[in-house]
Amino acid sequence: MTAMAASAGIVTVKQGYQTTGRGSQQALLLRMDFQDEKPIKRLSFRLKGDTKKNVAGVQLFASDADEFFADSAPACVGLTRSAENVFFTFSASSTVRNNRLWLTARVKDKAKLGQHIDAALTRIDYQDGTCWEVPDTVGDPEGDARIFATHSLVFVPTTDGCRFYRIPAMVVDREGNLLVAADRRYNSNADLGNHRIDVVVRKSTDGGHTWSPQRIIAQGDGQSEACFGYGDPALAVTPSGRIICIMAAGRNNYFYGMRNMGITMSDDNGTTWTPVRELTASSFRDAAHNLTDSLGFWSIFTTSGKGLVTSNGTVMFAANTLKKSGTYSSDCYILSSADEGENWQLGPAMAFAEGDESKLVEKNDGGLLLSVRRRGARGFNTGSPDGSTWGQQWNNDDISNGNACNADILRYNADILLHTYLKHPTDRANLTLAISNDEGRSWHDMMNIQPGGAAYSTMVRLPNGDVGIFFEDESYSADNGYALTFITIAKEQILR
């Protein structure tokens with residue numbers, strides 16, 4: 001699903017991102033590409049809905065970049081205070097003509113959570129005295145931006161020498177800071193097995209407002225079978241504070257025999273990482289096939305995002321498996337370590353038949369709850385505390401989507417489970433947060449995060465009780481795929 005835009009031969013107006021946050025200084029409202037050759041004298045805008053009371057002012061920038069936030073120094077060509085109708089005036093000698101212009105807003109620090117900001121281009125006045133009243137069908141593309149407690153774009157397309165980023169993963173380290181990981185896909189947005197992909201991390205020490213420079217922690221060699229590339233990272237933090245990153249590896253796509261898994265670990269909150277090693281080559285047991293340091297499945301793929309660390313310290317990740325070549329029906333097994341990532345076991349029991357990427361939470365009784373990606377109703381199953389036995393799987397129509405996609409489940413407290421998912425009949429769009437108060441037996445929607453294009457998501461509970469959500473965001477798109485966006489939902493919005 002692409003972003004919303006409208007055109008009339010004079011100007012093409014594209015909607016900005018559909019999320020923003022308190023204190024954001026450059027919340028992107030509109031992008032405008034002018035095709036008219038005449039010099040512009042004035043641009044007029046209407047601030048819609050809740051915008052006037054939630055923003056301190058709006059700014060106009062000139063930049064030829066496809067992605068506004070990829071330009072380190074866009075030229076500010078005007079700013080004004082918030083009002084229902086605002087305008088920007090240019091001198092006769094101004095070079096603001098035939099440019100790409102961007103309208104952004106400065107969101108107040110105490111903007112009201114959950115309200116929306118938006119703007120429409122209403123009129124273009126030219127230096128020759130003519131003007132054009134811009135119809136809403138052109139100047140007001142569909143969409144607006146919802147206000148969250150925090151908002152930041154963590155990985156932006158075409159930055160740091162990389163056009164495409166995908167696959168968000170996130171944890172909170174033992175010091176309460178955020179660590180995120182993602183695929184660095186360079187000039188191709190295809191999955192692992194078609195080209196080299198590296199895994200990168202960034203860290204935030206201020207709750208997601210700002211982020212450290214990105215760092216590659218798993219770099220493929222682009223040549224060998226097992227180390228050609230790395231992707232789809234999943235993170236977990238052990239009781240000692242060790243951060244474990246599991247990832248897919250190698251040259252082959254999952255449906256063509258992906259047999260490699262990489263693992264790297266950090267014992268200093270993500271500052272340094274061990275060299276990536278092949279997980280199945282040593283200290284590994286495939287209990288489903290009674291094999292040591294060898295894999296009995298034809299193909300394996302660990303689910304990206306985050307793993308589970310149980311109350312007794314066991315680290316668990318969900319994995320998809322294929323029994324043989326030519327089949328597209330995956331079965332889900334649990335990959336676990338009881339010694340903080342030194343030794344690993346796959347299985348022995350199947351957790352879900354004919355499933356896909358899955359996430360785990362621990363139930364109040366110590367058992368496991370598995371949530372499984374499926375088209376239509378999402379799949380669930382319950383298992384024993386160690387994952388050695390599983391019950392009768394079921395599908396839950398409370399969480400249903402028309403496009404199968406990786407999502408996340410989070411235990412917020414003893415009474416509340418949260419679940420992200422895409423609530424759209426056909427597309428990867430309409431990222432929604434659902435809540436359960438009965439250990440995942442039933443769910444109801446709590447909040448729409450954004451109605452626009454979106455895909456994979458992951459979430460954590462922050463030390464202050466807020467919930468951080470890190471997701472693939474296509475609400476603004478310039479054919480560069482997803483921006484990876486971080487937002488926080490305030491605890492009072494969850495506990496209301």
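Start by selecting Arg46, which is partly exposed, with a relative accessible area of 23%. Keep in mind as you click around that this is a predicted model.

Asp136 and Arg46 form a salt bridge, and their closest N and O atoms are 3.7 Å apart.

How many salt bridges does the structure hold? There are 27, so let's visit a few others.

Pick Arg123 and Glu133 next. Their side chains meet in a salt bridge at 2.6 Å, N to O. This pair links distant parts of the chain, with Arg123 in strand E10 (residues 116–126) and Glu133 in strand E11 (residues 131–133), 10 residues apart. Arg123 is partly exposed with a relative accessible area of 25%, and Glu133 is partly exposed with 47%.

Hop over to Asp50 and Lys53, whose side chains meet in a salt bridge of 4.0 Å, N to O. Asp50 is partly exposed, at 21% relative accessible area. Then select Arg31, Asp33, Asp66 and Arg100 together: salt bridges link these residues in a network.

Time for a sheet. Show strands E14, E15, E16 and E17, which line up in that order as an open sheet of 4 strands with antiparallel pairing. Which strands stand at the edges? They are E14 and E17 (215–218); each has a single partner strand, so one side of each is left without a neighbour in the sheet. On average, neighbouring strands here are turned by 30° against each other, direction ignored. Zoom in on E16 (residues 198–204) and E17, an antiparallel pair with 3 bridges. There you can find Val200 standing opposite Ile216 in E17.

Thr158 sits in the loop between strand E13 (150–155) and strand E14 (165–172). Although Thr158 is not a glycine, its phi is positive, about 70°. Thr158 is partly exposed, with a relative accessible area of 37%.

Glu340 also isn't a glycine, yet it has a positive phi of about 60°. Look for Glu340 in the loop between strand E28 (331–337) and E29.

Finish at Pro348, in the loop between strand E29 (344–346) and strand E30 (358–362). The peptide bond leading from Gly347 to Pro348 is cis, with omega near 20°.

Conventions: Residues numbered from 1 in each chain as written. Predicted model: local features only at pLDDT ≥ 70, side-chain atom pairs only at ≥ 80, totals over all residues. Heavy atoms only, no water. Helix = DSSP H or I, 4+ residues; strand = E, 2+ residues; numbered from the N terminus. Buried < 20%, exposed > 50% of the residue type's maximum accessible area, 1.4 Å probe, protein only. Pairing = 2+ DSSP bridges. Axes fitted to C-alpha atoms, helices over the stretch in contact; angles between N-to-C directions.
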